Amino acid sequence: MHEMSIAEGIVDLALDTLKANDGHVIHAIQLKLGVMSGVEPDALLFCFDSVTKNTAAENAVLQIEMIPLCGKCLDCDKEFSVTDYVFKCPHCGSLAIQTITGRELQVASIDMD
């Protein structure tokens, strides 16, 4: 379960940010998570609750924004939503596709006092 190490990394980043800004408590962490990131949101939330125990983030909420999978055709330059992991341009049929969103794993913001 790699979600545990990801949760630990998120909490470590948040606690370091809290300390660097002379904060006392973390209320929420906003996370951008791509649907193709390989991270299971429910498992991440479970692990987050475990790793925040007895820390300044103990009562914090992990808010996950799911980022859809989108691609860009390298032949016709059109952007489109990728459905069912079919990387084929719906405009020209090309298979030369660049993934532009959907792999994110990024802490967007941290709410703290």
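Let's start at the surface: Asp 77 is exposed, with a relative accessible area of 53%, where exposed means over 50%, buried under 20% and partly exposed in between (1.4 Å probe, protein chains only). This is a predicted model, in which local features need pLDDT of at least 70 and side-chain atom pairs count only at pLDDT 80 or more, while totals for chains, interfaces and linings use all residues. Residues are numbered from 1 along each chain as its sequence is written, and side-chain values use heavy atoms, with hydrogens and water left out.

Asp 77 sits in the loop between β3 (70–73) and β4 (79–81); strands here are DSSP runs of E with at least two residues, helices are runs of H or I with at least four, and both are numbered from the N terminus. The structure holds one salt bridge, meaning a side-chain nitrogen of Lys or Arg within 4 Å of a carboxyl oxygen of Asp or Glu. Asp 77 forms a salt bridge with Lys 72, and their closest N and O atoms are 3.2 Å apart. Lys 72 itself is partly exposed, at 24% relative accessibility. In general, side chains of opposite charge can pair when their charged atoms come close.

Most residues other than glycine have a negative phi. Tyr 85 lies in the loop between β4 and β5 (97–101) and is exposed at 51% relative accessibility.

Val 35 is partly exposed at 37% relative accessibility and belongs to the loop between β1 (26–34) and α2 (41–51).

Glu 3 is part of helix α1 (residues 3–20). Glu 3 is buried yet has no salt bridge, and the nearest side chain of opposite charge, Arg 103, is 16 Å away; Lys and Arg count as positive, Asp and Glu as negative, with His and the chain ends not counted. The side chain of Glu 3 does reach the backbone nitrogen of Glu 40, at 2.9 Å.

Ala 7, also found in helix α1, is buried at 0% relative accessibility. Leaving aside residues up to four places away in sequence, Ala 7 touches Leu 44, Cys 47, Phe 48 and Val 51, where contact means heavy atoms within 4.5 Å. Ala 7 and Leu 44 are 37 residues apart in sequence but 6.2 Å apart in space, C-alpha to C-alpha.

## Gln 30 in strand β1

Gln 30 lies in strand β1 and is buried, with a relative accessible area of 16%. Its side chain makes a polar contact with the side chain of Gln 63, at 2.5 Å. A polar contact is a pair of N or O atoms within 3.5 Å; within protein, one must be able to donate a hydrogen and the other to accept it, and residues adjacent in sequence count only if both atoms are side-chain atoms.
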